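Subject: Structure for you to look at

Dear colleague,

I am handing over the structure we spoke about, and below it you will find what came out of the analysis. Please read the notes with the structure open beside them.

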Amino acid sequence: MLCPECSSTHEPGQPLSGVLEVELKGTLSSQDPMDFLPVERQFFPTIPVGNTPLWHPGNLLEKYAFPELYLKDDGVNPTGSLKDRASFLVAAFARRHGLGEVVVASTGNAGSSMAGVGAAAGLKVKLFLPKTAPPAKMIQALQYGADVVLAEKNYDQAFSLSLEYSQTRGGMNRNTAYNPMTIEGKKTVSLELFNQLKKSPDHVFVGVGDGVILSGIYKGFRDLLQLGRLAKIPVVHAIQASGSSAIYRALESGVFDGRSAKTVADSISVDVPSNGRLALKNLKAYNGRCVTVTDEEILSAQKELSSACGLFSEPAAAAAYAGFLKQKPILDSSETCVVLLTGNGLKDINSAANNIVIPEKTINSLDEIFYNGIA
Ligand SMILES: *Cc1c(COP(=O)(O)O)cnc(C)c1O
């Protein structure tokens with residue numbers, strides 16, 4: 001599902017060439033994000049994706065004196081991540097075209113998402129995961145009934161194996177970027193945000209791995225711009241882990257070097273970002289920024305969101321908040337900033353366990369805590 005001509009120039013170890021985007025044609029009077037999608041409603045699966053809450057987190061606004069800071073919690077989607085927006089449209093597209101099987105490679109969330117949304121849509125799901133995927137994400141996918149295959153090496157390997165599988169055995173491939181419905185589905189987050197704020201934000205922060213959510217965010221704002229409802233595209237801050245920063249490095253050097261990724265934020269751990277080319281193009285065209293944050297900064301941001309707001313998000317999501325904290329000094333504190341929290345913290349409790357102290361001692365009587373061992 002790439003442009004046949006452009007993708008013929010693809011070289012191994014490089015981002016996909018010829019990633020396709022859907023174009024909005026004509027005019028539209030509706031405000032409903034679901035009316036911006038290129039598949040008729042009758043094919044939508046009956047699973048409530050999107051419409052996620054926008055938080056205005058009192059404690060953080062005060063602490064940092066940013067009165068217009070918002071958190072959009074996409075971790076409350078049915079399978080716990082923003083990936084449901086893409087899976088929803090992919091499932092609708094498959095039903096529209098009478099396709100019964102979807103094949104997908106994933107670091108974890110896209111797979112568990114496709115498995116869950118696919119279950120609601122009555123589709124078979126074949127999922128390729130790296131063997132290092134967080135157990136919760138794999139168990140989730142198996143619960144939904146997906147057929148799971150583990151790749152020995154990493155996500156990049158799972159990605160190529162899944163493409164080979166769908167090309168030889170059939171089934172629609174949902175791989176991120178490879179399937180244009182992934183970018184298109186993810187755009188609903190911007191459309192929703194615009195309706196919730198009743199205006200465009202000035203800044204949006206998002207954790208970036210393959211760069212598909214990033215392109216989805218831009219696509220949503222571009223649709224609104226095209227319809228004349230938006231004056232300008234917000235500044236999007238693409239936040240990468242310092243151990244998985246292919247897009248950040250390519251912005252500096254112009255090349256994707258294929259360096260091995262390693263970060264606590266598994267959902268944004270990617271050697272070669274499949275949507276890297278479009279990500280660079282969008283960032284350059286709309287004055288986007290790309291910033292890296294360390295694993296320590298990610299875990300500390302995760303902890304702060306949990307303990308100051310009651311919002312427990314997974315590391316890749318918290319990375320976006322770490323990015324906001326890092327960029328804060330160069331922002332105007334009166335501007336509207338939205339941090340996109342893309343996945344739920346319960347998806348990867350092992351990473352979250354790094355930054356807390358789990359009690360070891362058990363007690364039998366309250367005396368043991370009241371007197372704390374002192375006679
Ligand atoms: C997939 C994912 C991302 C990154 O999205 P890309 O399109 O790969 O850049 C960020 N956070 C979470 C929780 C994700 O699942």
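Which residue places a backbone N or O atom 2.8 Å from an oxygen atom of the ligand? That residue is Val212, and the pair is a polar contact in the sense of N or O atoms within 3.5 Å. A polar side-chain atom of Lys83 also lies 2.8 Å from a ligand oxygen atom, while an N or O atom in the side chain of Thr342 is 2.7 Å from a nitrogen atom of the ligand. Taken alone, the ligand exposes 380 Å², of which the protein buries 97% (Shrake-Rupley areas with a 1.4 Å probe).

Please keep in mind that this is a predicted model, in which local features need pLDDT of at least 70 and side-chain atom pairs count only at pLDDT 80 or more, whereas totals for chains, interfaces and linings use all residues. Residues are numbered from 1 along each chain as its sequence is written, and side-chain values use heavy atoms, with hydrogens and water left out.

The ligand is surrounded by 16 residues, the closest being Lys83, Asn109, Gly209, Gly211 and Thr342 (a residue counts when one of its heavy atoms lies within 4 Å). By class, this shell holds 5 nonpolar, 7 polar and 4 charged residues, with Asp, Glu, Lys and Arg as charged, Ala, Val, Leu, Ile, Met, Phe, Trp, Tyr, Cys and Pro as nonpolar, and the others, Gly among them, as polar.

Finally, Gln226 and Asp35 are 191 residues apart in sequence and 15 Å apart in space, C-alpha to C-alpha.

Terms used:
Polar contact = N/O pair within 3.5 Å; in protein donor to acceptor, adjacent residues only side chain to side chain.
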